[in-house]
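Colleague: I have a new model open. Please show me how to read it.

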Amino acid sequence: MTDSKEGKEGKDKAKLNHFFVDAKKYDTAQTALTGAAIKAIAGVAANYQLFLEDHGNDPDKAIGDGEAVNLAERVTHFFPVPPSTFGA
């Protein structure tokens with residue numbers, strides 16, 4: 001007889017989606033997260049801008065705090081950028 005706990009844990013691991021912020025890996029059971037949620041999970045300051053790294057020569061995309069990103073489509077890589085002060 002198999003242990004049902006082991007079977008359940010194996011299924012839970014298969015449902016995890018992965019994303020990276022500054023090359024550090026994070027796992028979530030959610031298929032989509034907002035920019036604010038990604039920053040909160042990764043410990044990024046709320047006033048930082050979050051960018052989604054795109055492939056090839058495509059420009060990186062700014063992700064707003066309320067904008068949802070589908071994590072199930074592909075492994076996503078983000079990087080935070082601190083607020084800038086011009087002329088200081």
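We go from confidence to the sheet and its helix.

Modeller: This is a predicted model, where local features need pLDDT of at least 70, side-chain atom pairs count only at pLDDT 80 or more, and totals for chains, interfaces and linings use all residues. Residues are numbered from 1 along each chain as its sequence is written, and side-chain values use heavy atoms, with hydrogens and water left out.

Colleague: Where is confidence lowest, and where highest?

Modeller: pLDDT is the predictor's confidence in each residue, from 0 to 100. Helices (H or I, at least four residues) and strands (E, at least two) are DSSP runs, numbered from the N terminus. Helix H1 (residues 4–14) is lowest, at a mean of 50, and helix H2 (residues 35–42) is highest, at 98. Over residues 1–7 the pLDDT is below 50. The protein's mean is 85.

Colleague: What is the strand order in the open sheet?

Modeller: Two strands pair if DSSP finds at least two bridges between them. Strands of a sheet pair through backbone hydrogen bonds, either parallel or antiparallel. Here the order of the five strands is S2-S1-S7-S4-S5, and the pairing is mixed. Strands S2 (24–28) and S5 (61–63) are the edges, each pairing on one side only.

Colleague: Which way do S1 and S7 pair?

Modeller: Strand S1 (residues 17–21) pairs with strand S7 (residues 76–81) in the parallel sense, over three bridges. Val-21 has Phe-78 of S7 as its bridge partner. S4 and S7 run antiparallel, joined by four bridges. There, Leu-50 has Pro-80 of S7 as its bridge partner.

Colleague: Which strands does H2 touch?

Modeller: Contact means heavy atoms within 4.5 Å. H2 packs on the sheet and touches S1, S2, S4 (49–52), S5 and S7.

Technical notes: Axes fitted to C-alpha atoms, helices over the stretch in contact; angles between N-to-C directions.
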